[in-house]
Amino acid sequence: QVQLAQSGGGSVHAGGSLRLSCAASGRTLSSYSMGWFRQAPEMEREFVGAIRWSGNIPYYVDSVKGRFTISRDNAKNTVYLQMNSLKPDDTAVYYCAASPRLLSTSATDYAFWGQGTQVTVSS
């Protein structure tokens, strides 16, 4: 069993920055992928990016490449989503999730989810 606790989020103007944190507990995650998803009201949950706890570089969806950065601190069992140059279209509830598979883009491969945190970007 894995528990994921999120923090961060908030409201910023377009062009601003936010950092989200996701702290994991319950078991070792060395072979897991950690994904970030987002969901706007009445929209489907969409993949943002993912990173392995070890071994390779992050993967991002095209719409956030060059603006968002995923990083990890293995000693703290924490993964981060640094969001720069934010746009109003980035407004959503953001979720972190853990998957035993490698850099999956599918929400169905993620069995453990954080509680979500609101990100609002005003124009």
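Is Met43 buried or exposed? Met43 counts as exposed, because its relative accessibility is 54%, where exposed means over 50% relative accessible area, buried means under 20%, and partly exposed lies in between (1.4 Å probe, protein chains only). Before going further, a word on what you are looking at: this is a predicted model, in which local features need pLDDT of at least 70, side-chain atom pairs count only at pLDDT 80 or more, and totals for chains, interfaces and linings use all residues. Residues are numbered from 1 along each chain as its sequence is written, and side-chain values use heavy atoms, with hydrogens and water left out.

Let's start with the whole chain. It has eleven strands and zero helices, and along the sequence the pattern reads β-β-β-β-β-β-β-β-β-β-β. Both kinds of element are DSSP runs numbered from the N terminus: helices are H or I with at least four residues, and strands are E with at least two. The C-alpha trace spans about 40 × 30 × 25 Å along its principal axes. A compact globule of 123 residues would have a radius of gyration near 14 Å, and the chain, at 13 Å, agrees with that. That radius is taken over C-alpha atoms, and the globule rule is 2.2 Å times the number of residues to the power 0.38.

Next, consider the surface and the interior. Of the 123 residues, 41% count as buried. The accessible surface comes to about 6200 Å², and 49% of it belongs to carbon and sulfur atoms; such areas come from the Shrake-Rupley method with a 1.4 Å probe, and for residues only the protein chains shown count as cover. On the charge side, there are 11 positive and 8 negative side chains, with the centres of the two sets 10 Å apart. Here Lys and Arg count as positive and Asp and Glu as negative, while His and the chain ends are not counted. Each charge is placed at NZ of Lys, CZ of Arg, CG of Asp or CD of Glu. Among contacts between residues at least 6 apart in sequence, 56% join residues at least 24 apart, a contact meaning heavy atoms within 4.5 Å.

Trp36 and Ala98 are 62 residues apart in sequence, while their C-alpha atoms are 9.0 Å apart in space. For another kind of pair, return to Met43, which sits in the loop between β4 and β5 (46-52). Met43 and Tyr32 are eleven residues apart in sequence, and 27 Å apart from C-alpha to C-alpha.

Ser99, in strand β9 (residues 92-99), counts as buried because its relative accessibility is 0%. Its side chain reaches the backbone oxygen of Asp109 at 2.7 Å. Leaving aside neighbours within four places in sequence, Ser99 is in contact with Tyr32, Ser33, Asp109 and Tyr110. The other serine, Ser104, lies in the loop between β9 and β10 (112-113) and, at 9% relative accessibility, counts as buried. The side chain of Ser104 makes a polar contact with the side chain of Asp109 at 2.6 Å. A polar contact is a pair of N or O atoms within 3.5 Å; within protein, one must be able to donate a hydrogen and the other to accept it, and residues adjacent in sequence count only if both atoms are side-chain atoms. Beyond neighbours within four places, the contacts of Ser104 include Phe47 and Ala50.

Gln115 is in the loop between β10 and β11 (117-122), and is partly exposed with a relative accessible area of 49%. Its side chain reaches the backbone oxygen of Gln6 at 2.9 Å. The C-alpha atoms of Gln115 and Ala97, 18 residues apart along the chain, are separated by 9.5 Å.

Finally, take a look at two backbone angles. Asn77 has a phi near 50 degrees, a positive value in a residue other than glycine, and Ser85 also has a positive phi, near 50 degrees. Most residues other than glycine have a negative phi. Asn77 is in the loop between β7 (68-73) and β8 (78-83), and at 35% relative accessibility it counts as partly exposed. Ser85 is found in the loop between β8 and β9 and is partly exposed, with a relative accessible area of 41%.
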